Amino acid sequence: MSAGISVGAGLSTHVLDTARGRPAAGISIQLHAVEEGGQRRLLNTAMTNQDGRTDAPLIERGTLTIGTYELTFHVAAYFEGLAGVSQPPFLDVVALRFTVADTAAHYHVPLLVSPWSYSTYRGS
């Protein structure tokens, strides 16, 4: 983990460009809480730094609550203008919806992305 990101109960993310084998800098991220009925409430916004991480956790240690969340990664701007990438890029916005069940655990939700595909996992 980079400096400024707490270890423990909270939420963090990072983005890796798997096609180029490096962190993806400059990707805009939004974090929403998903309420009953599917309504989304904006909790935080961030931009990935040179290490592909946010400068601070998206949810600070001790304030994570049980519920459903959605991370939205705006990847098209990152891939625009890169050699070998169709224009406009195939992927525009990647939305990851997940549920927090254990507020004592840290949730790390990375995005592994290429111009044509993505995957995620729950990290630590």
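Visitor: Which residue in E7 is the bridge partner of Leu71?
Guide: In this predicted model, local features need pLDDT of at least 70, side-chain atom pairs count only at pLDDT 80 or more, and totals for chains, interfaces and linings use all residues. Residues are numbered from 1 along each chain as its sequence is written, and side-chain values use heavy atoms, with hydrogens and water left out. Strand E6 (residues 67-74) pairs with E7 in the antiparallel sense over eight bridges; strands are DSSP runs of E, at least two residues, numbered from the N terminus, and pairing requires at least two DSSP bridges. Across from Leu71, the partner in E7 is Leu96.

Visitor: Which are the edge strands of the open sheet of four strands?
Guide: The sheet has the order E5-E4-E6-E7, with antiparallel pairing. An edge strand pairs on one side only, and this holds for strand E5 (40-47) and strand E7 (93-100).

Visitor: Which residue in the hairpin of E4 and E5 takes a positive phi?
Guide: Strand E4 (residues 28-34) pairs with E5 over seven antiparallel bridges, and His32 stands opposite Leu42 there. Five residues lie between the strands, and the one with a positive phi, near 85°, is Gly37.

Visitor: Is His108 buried or exposed?
Guide: His108 is placed in strand E8 (residues 106-108). Buried means under 20% relative accessible area, exposed over 50%, and partly exposed in between, using a 1.4 Å probe and protein chains only. Because its relative accessibility is 6%, His108 counts as buried.
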